[in-house]
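Hello,

Here is the structure I promised to pass on to you. Have a look at it first, and then read my notes below.

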There are 2 protein chains.
Amino acid sequence: MASSIDVARLAGVSQSAVSRVFTPGASVSDRMREKVLATARALNYRPNFVARSLTTGRSRIIGLVVAYLDNQYYPVAVERLTKALQARGYHVMMFMTEQTATNIDDVVSGILDHQVDGIVVASVAMSSKLADRCTEAGVPVVLFNRIQSEDRFSSVISDNFGGGRLLARFLVEGGHQRIGYLAGWEGASTQRDREAGFRAGLAAAGRGLFAWECGNYTFSVAEAATRRMFAADREHPDAIFVCNDHMAIAAMDVLRHEQGLRVPEDVSVVSYDDVPQAAWRSYGLTSLRQPTDSMVAATVDALMARIEGSETDPRRISLPGELIVRTSARIPAGWDAPTQS
Amino acid sequence: MASSIDVARLAGVSQSAVSRVFTPGASVSDRMREKVLATARALNYRPNFVARSLTTGRSRIIGLVVAYLDNQYYPVAVERLTKALQARGYHVMMFMTEQTATNIDDVVSGILDHQVDGIVVASVAMSSKLADRCTEAGVPVVLFNRIQSEDRFSSVISDNFGGGRLLARFLVEGGHQRIGYLAGWEGASTQRDREAGFRAGLAAAGRGLFAWECGNYTFSVAEAATRRMFAADREHPDAIFVCNDHMAIAAMDVLRHEQGLRVPEDVSVVSYDDVPQAAWRSYGLTSLRQPTDSMVAATVDALMARIEGSETDPRRISLPGELIVRTSARIPAGWDAPTQS
DNA sequence: CTTGCGTTTGCAACCGTATGCAAAACGGAG
DNA sequence: CTCCGTTTTGCATACGGTTGCAAACGCAAG
């Protein structure tokens, strides 16, 4: 591979001239640019990002930490985030992790070693030791779809509390009497806020939870939780809010194919995220849509403000979701008719 | 951030000593290692990957190019690949692209600029100009789930031809009379091979295709294709092979919810991939499972053989799939009973 | 033809690490 | 204690760029 020195020699100019031609905003005459670009093309020279990173201290790489890729919400988010960053000249380095804390520390250390310009953490919590390392290294972090009590990080979420409350109203106005809640992993802020909002919404109508089980954001655990909640020996809920679509689908299949219950005639099901599968007609999930595009845009903005701008304080962004009414739950009068998409 | 020089100074040793302590296999006395590690810990020093990459010419980064993340097969593969590479000390840089060729060229150029040690291309074809650039740069490429007539690249696929043929046998022995095929994107080798295998299997039984439509590997296009294939004004197939699960689900929903047909009573549906959703009980897709784990392992092996070993020739690996029998198609006598998972 | 100012160019130092080579230290045998 | 073969260590250079600074240049005004 040709280096800038090769190009310089062949073009009869200094190496720094070559560098400047490939540095946006540097001072170069048209004649020089012409000449250099010509010989660069001849040698098919392209600047070496690694060397550039070394001197500038900026790598144009964003580290992305993800735990679940089986919950379709994340692949979609990852895809959009990657594209948005690509469009800005950044690249994404992927890191998979489990929820276990020790693992995450290793993983994030690995990220920092690569001198990333920023980190996006999706669906995962960061230890505060790690937080120290990041601030110390001057690497901005954005929590995507999570918040933490630590206020050092920027975060981008949808209004989980408001969404939960709205779903409570929806079920109450639908005339449901025995309303259950199927929780996600209790370490997650999404779970806590959605449940809190849901309870608040019920309370506002003078109601409470009829049943509660935890599905841990996992398909199989959610199945088991549904079986417990709908055990044959007692009266079962006539409506449930499942904390995300991924679990809601597991729940619906158990209800229909194991318990012999009809949805929505016997049980209404609502959930959160609006992943693509929610629209599949076998499920037709009434779900609170996360504003993924805006969340991605806000994430990129927050990163750029820190990296390229001079912003120094973390942002905490909460964006409103939208209720997508489909067929998995009885529809109260006055609410939207089922949407097609 | 502390550099190796800082550590060296504080420990009273040379910078190269520090470097050697962090270079596996270098010659260092125990006393030296001890001393250096201690002060390194004190300064919480970690070697800078960028600088290391610059001198060694190896970045320990693998570029991963993906087009679709909405077909769940790919997120799953990406997850496993990322983990497998992480386990070997490599990291994955993600690149999203569309199928359009010009775009891919830009994207891969971006990858090469980062001095990646290897490239995995999933679900996408590479132009031969690009191929030149990669060989020239000495960067090994593995095509994942695709093959190309270019034999310069390694490739890892499942036996699409054999899988298609097996599904044909399955449908024929199930006693189906009018067998249709719903194709994927015709530019893809997966599509071509599965169709060829399927046709061969039918031919072996003295049969042919009753209907053919193209769904382009896209949800909405597959829906439209299904509508055409099952138009009311003519006799419809009593079985179809849909080229992947992603489209098969679209097809099943159209059959059941638009055409009022029962699956499998009126129409048998089989497909390919065995994505997680295929096991969902609302679909229960009989599908040819891709051996994703082995494919990932083979991909990593092929890369490592080129990067760390001295292998120079491309590998072309084809792994056998496995038929997972569920409920979406009539089951011929003598074939496995429905599997649960 | 000077002078002066703004632009373009080259020089040289630096980013943080790896590594070939020679010097130094070590250790065992005689 | 000396000598010699092995480690172990340090020195110096290289990797491929960026960038502050000063020299060179271009051009218009005096």
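Before we start on the domains, one definition: the domain bounds I use come from an automatic or database domain assignment. Please also keep in mind that this is a predicted model.

**Domains of chain A**

For chain A, the assignment gives domain 1 (4–47), domain 2 (59–158 + 291–320) and domain 3 (160–290). Notice that domain 2 is written as two stretches, 59–158 and 291–320. How far apart are the centres of domain 1 and domain 3 of chain A? Taken over C-alpha atoms, the separation is 62 Å.

**The sheet**

Next, try to find the open sheet of 12 strands, which has mixed pairing. Its order is β11(A)-β5(A)-β4(A)-β3(A)-β1(A)-β2(A)-β2(B)-β1(B)-β3(B)-β4(B)-β5(B)-β11(B). At the edges are β11 (316–319) of chain A and β11 (316–319) of chain B, each of which pairs on one side only. On average, neighbouring strands in this sheet are turned by 20° against each other, direction ignored.

A helix packs on this sheet too: α5 (residues 73–87) of chain B. This helix touches β2 of chain A, as well as β1 (61–66), β2 (91–96), β3 (118–122) and β4 (141–144) of chain B.

As a reminder, strands of a sheet pair through backbone hydrogen bonds, either parallel or antiparallel. Which of the two applies to β1 (residues 61–66) and β2 (residues 91–96) of chain A? They run parallel and are joined by six bridges. In one of these strands, β2(A), Met93(A) is the bridge partner of Gly63(A).

**Around DNA strand D**

Finally, look at DNA strand D, which has 27 residues around it. Those that come nearest are Gln15(A), Ser19(A), Arg52(A), Arg20(B) and Ser29(B). The residues of this surface divide into nine nonpolar, 14 polar and four charged.

Of the atoms of DNA strand D within 4 Å of the protein, 55% belong to sugar or phosphate, and the rest to bases.

- Ser4(A): a polar side-chain atom lies 2.7 Å away.
- Ser27(B): an N or O atom in the side chain is 3.3 Å away.
- Asn48(A): a backbone N or O atom lies 3.4 Å away.

Which element gives the most to the surface near DNA strand D? It is α4(A), with five residues.

Enjoy exploring!

Terms used: Residues numbered from 1 in each chain as written. Chains lettered and ligands numbered in written order. Predicted model: local features only at pLDDT ≥ 70, side-chain atom pairs only at ≥ 80, totals over all residues. Heavy atoms only, no water. Pairing = 2+ DSSP bridges. Helix = DSSP H or I, 4+ residues; strand = E, 2+ residues; numbered from the N terminus. Axes fitted to C-alpha atoms, helices over the stretch in contact; angles between N-to-C directions. Contact = heavy atoms within 4.5 Å. Near = heavy atom within 4 Å. Polar contact = N/O pair within 3.5 Å; in protein donor to acceptor, adjacent residues only side chain to side chain. Nonpolar A, V, L, I, M, F, W, Y, C, P; charged D, E, K, R; others polar.
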